[in-house]
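The report below describes strand pairing, the nonpolar core and a few individual residues in one structure. Please read it alongside the sequence and the coordinates.

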Amino acid sequence: MIKLVLSDMDDTLIPAGAPRVSARAIEAIHAAQAAGVHFGPVSGRQPDAMGWMFPENPECYATGAFCNGQVMIVDGDVVDAKPLDNEALMRLATFLEEETDDTFLKVYDLGADFRHSTSYCVTADAARVDAAMGSGSNAWLNEGAPNRFGVDDVAHYKANIWSTRTTEELAQLRVRMDEVAPELAYVFPNNHARLFDILPMGWNKGSAVAVIARALGVGMDEVAVFGDSDNDLPMIETVPNAVAMGNANDRVRAAARWHIGDAADEAEADALLDIARAATAGTMPTFMSA
């Protein structure tokens, strides 16, 4: 029986280009919760971004792992948080400033309560910010921010790298970044955007899922996770009942035990309703019976 559902957001629960979680998906989440199943997002985004993703439905993100798992919340309380190494961030920003003309570091301050974020781009070059933020599907993210060179001496639980480069070109650049800042790890947040999310080396969404499951007293075989892209792979590989979207990349599809339809067709909403029915009956969902 599934007791905990943790889901990626972009291109998983929310179709690419959609402004928010659909009313149908929220109804399905409520059905799962009414059946005693905990639900939460596992997102590269910060906690305060959930307000526009789940408008007027804070119960949908009272539990979850945010900033790619660096901030873990259970029933409204932060149970763990993993900050980034500021010195390594500054070393990385300097490398990007000096060795590229189209790529930069962006960092976020989540505030003392983890729920009120501000951000800035660590570059003296405003032109590269405009170019990278407007490049390809980055423009859909609609994330403007001021630019200045330097990393504040506060704990940072979210950072990413923006670029005009393709994902293939960024994968090549990652080899150099690994050498410059080995304390940090880099993952693609989805299959389209021209950016990396940054994590502390050795920490990922899979680590965060395990923390949340332990906090709730749920076994890993009672957890279901949904994902589509590289930053979801650690949780897909960690959880026995991992679910790949139909639009997932090849690596996620290969690693997942279960497979459903595309995000554009609201396949996860259907799966959540199936999970809710099964939880009420004390059984496994139909789509996990093959």
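Throughout, a residue is called buried when its relative accessible area is under 20%, exposed when that area is over 50%, and partly exposed in between, with a 1.4 Å probe and protein chains only. Helices (H or I, at least four residues) and strands (E, at least two) are DSSP runs, numbered from the N terminus. This is a predicted model, in which local features need pLDDT of at least 70 and side-chain atom pairs count only at pLDDT 80 or more, whereas totals for chains, interfaces and linings use all residues. Residues are numbered from 1 along each chain as its sequence is written, and side-chain values use heavy atoms, with hydrogens and water left out.

Strand β11, residues 223-227, is mostly covered, since five of its five residues are buried. Val 223, Val 225 and Gly 227 point one way from β11, while Ala 224 and Phe 226 point the other way. Two strands are said to pair if DSSP finds at least two bridges between them. By that criterion β11 pairs with strand β1 (residues 4-7) in the parallel sense over four bridges, and Leu 4 has Val 223 in β11 as its bridge partner. Strand β12 (residues 241-244) also runs parallel to β11, joined to it by four bridges.

Strand β12 is covered on both faces, with Asn 241 and Val 243 on one side and Ala 242 and Ala 244 on the other, all of them buried. Strand β13 (residues 258-259) is joined to β12 by two bridges and runs parallel to it. The table collects bridge partners that involve β12.

| Residue | Partner | Strand of the partner |
|---|---|---|
| Gly 227 | Ala 244 | β12 |
| Val 243 | Trp 258 | β13 |

A right-handed β-α-β unit is made by β11, helix α8 (residues 233-238) and β12, and another right-handed β-α-β unit is made by β12, helix α9 (residues 250-255) and β13.

**The antiparallel sheet**

An open sheet is formed by three strands in the order β3-β4-β5, with antiparallel pairing. Its edges are β3 (64-66) and β5 (77-81), each of which has a single partner strand, so one side of each is left without a neighbour in the sheet. From one strand to the next the twist averages 25°, where axes are lines fitted to C-alpha atoms (for helices over the stretch in contact) and angles run from 0 to 180 degrees between N-to-C directions. Strand β4 (residues 71-74) runs antiparallel to β3 and is joined to it by three bridges, and Ala 65 has Met 72 in β4 as its bridge partner. Helix α7 (residues 205-216) packs on the sheet and touches β3, β4 and β5, its direction making about 25° with that of β4; contact here means heavy atoms within 4.5 Å.

In the loop between β4 and β5 lies Asp 75, whose phi is near 50°, a positive value in a residue other than glycine. Asp 75 is partly exposed, with a relative accessible area of 49%.

**The nonpolar core**

A nonpolar core is a set of buried Ala, Val, Leu, Ile, Met, Phe, Trp, Tyr and Cys residues joined through side-chain atoms within 4.5 Å. The largest such core has 55 residues, and those with the most contacts inside it are Val 5, Leu 13, Val 21, Phe 54, Phe 226 and Phe 287. Elements that give two or more residues to this core include β4, β11 and α10 (267-281), and the largest share, seven residues, comes from α10. Leaving out residues up to four places away in sequence, Phe 287 touches Phe 226, Val 243, Trp 258, Ile 260, Ala 271, Asp 274 and Ile 275.

**Two buried polar side chains**

Asn 160, in strand β8 (residues 158-163), is buried at a relative accessible area of 3%. The side chains of Asn 160 and Tyr 108 are joined by a polar contact of 3.2 Å, a term for a pair of N or O atoms within 3.5 Å of which, within protein, one must be able to donate a hydrogen and the other to accept it, residues adjacent in sequence counting only if both atoms are side-chain atoms. Gln 46, in the loop between β2 (38-41) and α2, counts as buried at 12% relative accessibility, and its side chain makes a polar contact of 3.2 Å with the side chain of Ser 117.

Notes. A crossover is right-handed if, with the strands pointing away from the viewer, the path from the first strand over the helix to the second runs clockwise.
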